[in-house]
Amino acid sequence: QVQLVESGGGLVQARGSLRLSCAASGRTFRRYAMAWVRHAPGKERKFVAAINQSGSSTHYTDAVQGRFTISRDNAKNTVHLQMNSLKPEDTAVYYCAAGNLAGPNEYDYWGQGIQVTVSS
């Protein structure tokens with residue numbers, strides 16, 4: 001089992017940048033693929049990005065490709081989401097998630113979520 005805690009959210013102007021971090025507890029972090037998923041008001045929860053256990057493979061939804069970068073540090077039990085060129089439509093609660101496969105699929109463990117607001 002793993003516990004996940006997100007940080008780094010906040011309010012930013014359009015075209016700005018934010019870096020989200022997710023700290024994982026436990027010694028099994030490196031066994032999990034990690035992902036970021038977002039949920040905007042009135043919309044369905046959507047996959048954003050994922051990274052495999054070793055960090056050698058990443059996946060992105062088309063809406064963030066080229067603007068967001070997911071990375072992980074297995075020595076520090078952390079995963080990051082660098083978000084550049086932010087748009088108002090990126091506004092959402094962002095969740096860190098852990099599971100077996102990296103991609104737009106189901107995940108087993110979730111953080112509490114963190115708000116990201118992009119103003120126009």
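The lining of the largest pocket is made up of four nonpolar, three polar and five charged residues. Here Ala, Val, Leu, Ile, Met, Phe, Trp, Tyr, Cys and Pro count as nonpolar, Asp, Glu, Lys and Arg as charged, and the others, Gly among them, as polar. The model is predicted, so local features need pLDDT of at least 70 and side-chain atom pairs pLDDT 80 or more, while totals for chains, interfaces and linings use all residues. Residues are numbered from 1 along each chain as its sequence is written, and side-chain values use heavy atoms, without hydrogens and water.

Let's stay with the pocket for a moment. Among the residues lining the largest pocket are Arg-38, Lys-43, Glu-44, Phe-47 and Thr-91. S4 and strand S5 (46-51) are the elements that give two or more residues to this lining.

Next, have a look at Ser-25, which sits in the loop between strand S3 (18-24) and strand S4 (33-39); strands are DSSP runs of E, at least two residues long, numbered from the N terminus. With a relative accessible area of 26%, Ser-25 is partly exposed, that is, between buried (under 20%) and exposed (over 50%), using a 1.4 Å probe and protein chains only. Beyond its neighbours within four places in sequence, Ser-25 is in contact (heavy atoms within 4.5 Å) with Val-2, Gln-3 and Asn-77.

Finally, Leu-11 lies in strand S2 (residues 10-13) and counts as exposed at 65% relative accessibility. Not counting residues up to four places away in sequence, Leu-11 touches Thr-117 and Ser-119.

Notes. Helices (H or I, at least four residues) and strands (E, at least two) are DSSP runs, numbered from the N terminus. On a 1 Å grid over the protein atoms alone, a cavity is a set of points where a 1.4 Å probe fits but cannot get out, and a pocket is an open set with protein on both sides within 12 Å along at least five of seven lines; lining residues have an atom within 4 Å of a point.
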